[in-house]
Amino acid sequence: MLAGAVAAMRRALREAHRALEDGEIPVGAVVLDGSGTVIGTGHNDRERSADPTGHAEIVAMREAAAARGEWRLSGCTLVVTLEPCTMCAGASVQARLDRVVYGAVDPKAGAVGSLWDVVRDRRLNHRPEVIAGVLADECGALLTEFFTHRRVR
């Protein structure tokens, strides 16, 4: 899975760059089906869409669900450049994703092991596998650069 995860993370990083071009926080995500085919892509879109749920993960999961014609994403993997927040971690559980793969850790809002661990809460009926730290330095550097430039303005 790791080789496939790296390739998928590179695709998610391309989505993060698209977010950056749109003036959004550079987070990107892809959803892979069981064969490793990309069935959903997304990047942060909150500013443009004026939608508080416009996180990369939600956008990618919506596209993947539309491609499948159902809300259940069983057998699928979410790959995202930043550790998901509580909303996105909860959506991953609700969508019945098999796996969540992320790059950079989010110590301020991460809900897949850092601040909280929503996806591994034993009280829930579904718990996706987690693979953390894929291309973490590259994913983190993009965010650090974005926020450094934002503070300088």
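Tutor: Helices (H or I, at least four residues) and strands (E, at least two) are DSSP runs, numbered from the N terminus. The model is predicted: local features need pLDDT of at least 70 and side-chain atom pairs 80 or more, while totals for chains, interfaces and linings use all residues. Numbering starts from 1 along each chain as its sequence is written, and side-chain values use heavy atoms, without hydrogens and water.

Student: How far apart are the end C-alpha atoms of helix α3?

Tutor: Helix α3 covers residues 56–68, which makes 13 residues. The expected span is 1.5 Å times one less than the number of residues, so it should be 18 Å. The model agrees, with the ends apart by 18 Å.

Student: What covers the buried residues of α3?

Tutor: Buried means under 20% relative accessible area (1.4 Å probe, protein chains only). In α3 the buried residues are Ala56, Glu57, Ile58, Ala60, Met61, Ala64 and Ala65. Their cover includes β1 (28–32), β2 (38–43), β3 (77–82) and α4 (86–94).

Student: Which elements do the buried residues of α4 pack against?

Tutor: Cys88, Ala89, Gly90, Ser92 and Val93 are the buried residues of α4. They pack against α3, β3 and β4 (99–104).

Student: Are α3 and α4 roughly parallel or roughly antiparallel?

Tutor: Their axes, lines fitted to C-alpha atoms over the stretch in contact, lie 9 Å apart. The packing angle, taken between N-to-C directions on a scale from 0 to 180 degrees, is about 25 degrees. Angles under 35 degrees count as roughly parallel and over 145 as roughly antiparallel. The pair is therefore roughly parallel.

Student: Which residues in α4 do Glu57, Ile58 and Met61 meet?

Tutor: Contact means heavy atoms within 4.5 Å. The residues of this contact divide into 5 nonpolar, 1 polar and 1 charged. From α3, Glu57, Ile58 and Met61 meet Met87, Cys88, Ala91 and Ser92.

Student: How far is Ala104 from Leu82 in space, C-alpha to C-alpha?

Tutor: In sequence, Ala104 and Leu82 are 22 residues apart. In space, their C-alpha atoms are separated by 4.8 Å.

Definitions and conventions. Buried means under 20% relative accessible area, exposed over 50%, partly exposed in between (1.4 Å probe, protein chains only). Angles under 35 degrees count as roughly parallel, over 145 as roughly antiparallel, 65 to 115 as roughly perpendicular and the rest as oblique. Ala, Val, Leu, Ile, Met, Phe, Trp, Tyr, Cys and Pro count as nonpolar, Asp, Glu, Lys and Arg as charged, and the others, Gly among them, as polar.
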